[in-house]
Amino acid sequence: RLGARFSIAATSRVPWTVLHFLDPIPFERVAARGGAFARRSRVMPEAVEPIRPIDRREARRRFGLPEEGRVVGTAGNLRERKRIDLLIAAFAAAPTRPDDRLLLSGRLQDSLRDLIRHRHRDLLDAQRLLLIDRFLTEEEFAASLSAMDVVAIPYPHHIGSSGIVVRGPASERPLLGSPYGWVGWSIRTF
């Protein structure tokens with residue numbers, strides 16, 4: 001909190017004509033205070049390239065995924081700090097149907113790959129944990145979101161914007177995520 005206060009105080013003293021905020025949470029705090037800094041501040045939208053949603057089954061066929069059943073998943077640069085381990089553990093513990101699946105699409109960090117091999121091998125073997133473990137082009141990223149029924153954002157204390165939060169709804173998929181910060185604000189608002 002001290003760092004956030006310092007950042008706002010320092011930013012308010014720069015002689016810029018307009019300051020654009022990508023995150024509406026600090027913008028709302030600045031606007032509520034009023035004054036010259038608030039008058040110079042604007043909130044800007046998260047920039048995202050247009051996404052053409054595709055049919056769920058077609059998206060699954062593109063990746064050789066099972067076409068039937070429900071899929072919750074996440075995509076992108078899959079790192080420990082994003083708490084992908086929590087998402088896998090929650091899926092493993094959830095009361096699910098046999099055709100419910102978890103899809104992780106994007107390059108997995110080595111430690112997560114090891115975790116899956118050692119702790120969740122049963123999910124892999126049963127094809128309930130699906131992996132597309134490689135770099136995805138923008139088109140593949142969008143197609144992987146279209147393959148999901150629900151896009152999960154397991155980041156528990158993420159600060160700032162997140163591309164998957166914008167791309168999920170652009171792919172016409174609902175989001176499941178933490179109520180914290182910009183992720184929570186976006187899910188509640190949109």
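What covers the buried residues of α8? The cover includes α4 (56-63), β3, β4, β6 and α9 (163-170), where contact means heavy atoms within 4.5 Å. The buried residues themselves are Phe-141, Ala-142, Ala-143, Ser-144, Leu-145 and Ser-146; buried means under 20% relative accessible area, exposed over 50%, and partly exposed in between, with a 1.4 Å probe and protein chains only. The model is predicted, so local features need pLDDT of at least 70 and side-chain atom pairs count only at pLDDT 80 or more, while totals for chains, interfaces and linings use all residues. Residues are numbered from 1 along each chain as its sequence is written, and side-chain values use heavy atoms, with hydrogens and water left out.

Five strands form an open sheet in the order β5-β4-β3-β6-β7, with parallel pairing. Its edge strands, β5 (129-132) and β7 (175-177), each pair on one side only. On average, neighbouring strands of this sheet are turned by 25° against each other, direction ignored. Helices (H or I, at least four residues) and strands (E, at least two) are DSSP runs, numbered from the N terminus, and two strands pair if DSSP finds at least two bridges between them. Strand β6 (residues 150-153) is joined to β7 by three bridges, and the two run parallel. Ala-152 stands opposite Leu-176 in β7. Helix α8 (residues 138-146) lies across β3 (71-75), β4 (101-105) and β6, at about 155° to β3; axes are lines fitted to C-alpha atoms, for helices over the stretch in contact, and angles run from 0 to 180 degrees between N-to-C directions.

Next comes Arg-128, in the loop between α7 (121-125) and β5. Arg-128 is buried yet has no salt bridge, and the nearest side chain of opposite charge, Asp-100, is 5.1 Å away. Here Lys and Arg count as positive and Asp and Glu as negative, while His and the chain ends are not counted; a salt bridge is a side-chain nitrogen of Lys or Arg within 4 Å of a carboxyl oxygen of Asp or Glu. The side chain of Arg-128 does make a polar contact with the side chain of Thr-96, at 2.5 Å. A polar contact is a pair of N or O atoms within 3.5 Å; within protein, one must be able to donate a hydrogen and the other to accept it, and residues adjacent in sequence count only if both atoms are side-chain atoms. A polar atom of the Arg-128 side chain also lies 3.1 Å from the backbone oxygen of Arg-97.

His-120, in the loop between α6 (110-119) and α7, counts as buried because its relative accessibility is 10%. Residues up to four places away in sequence aside, His-120 touches Ile-88, Ala-89, Ala-92, Leu-115 and Leu-129.

Finally, the count of salt bridges comes to 18. In one of them, Arg-56 meets Asp-149, with the closest N and O atoms 2.7 Å apart. This pair links distant parts of the chain, 93 residues apart: Arg-56 is in helix α4, and Asp-149 is in the loop between α8 and β6. Arg-56 is partly exposed, with a relative accessible area of 30%. Glu-68 and Arg-57 also meet in a salt bridge, at 2.9 Å from N to O. Another joins the side chains of Asp-85 and Arg-83 (2.9 Å, N to O).
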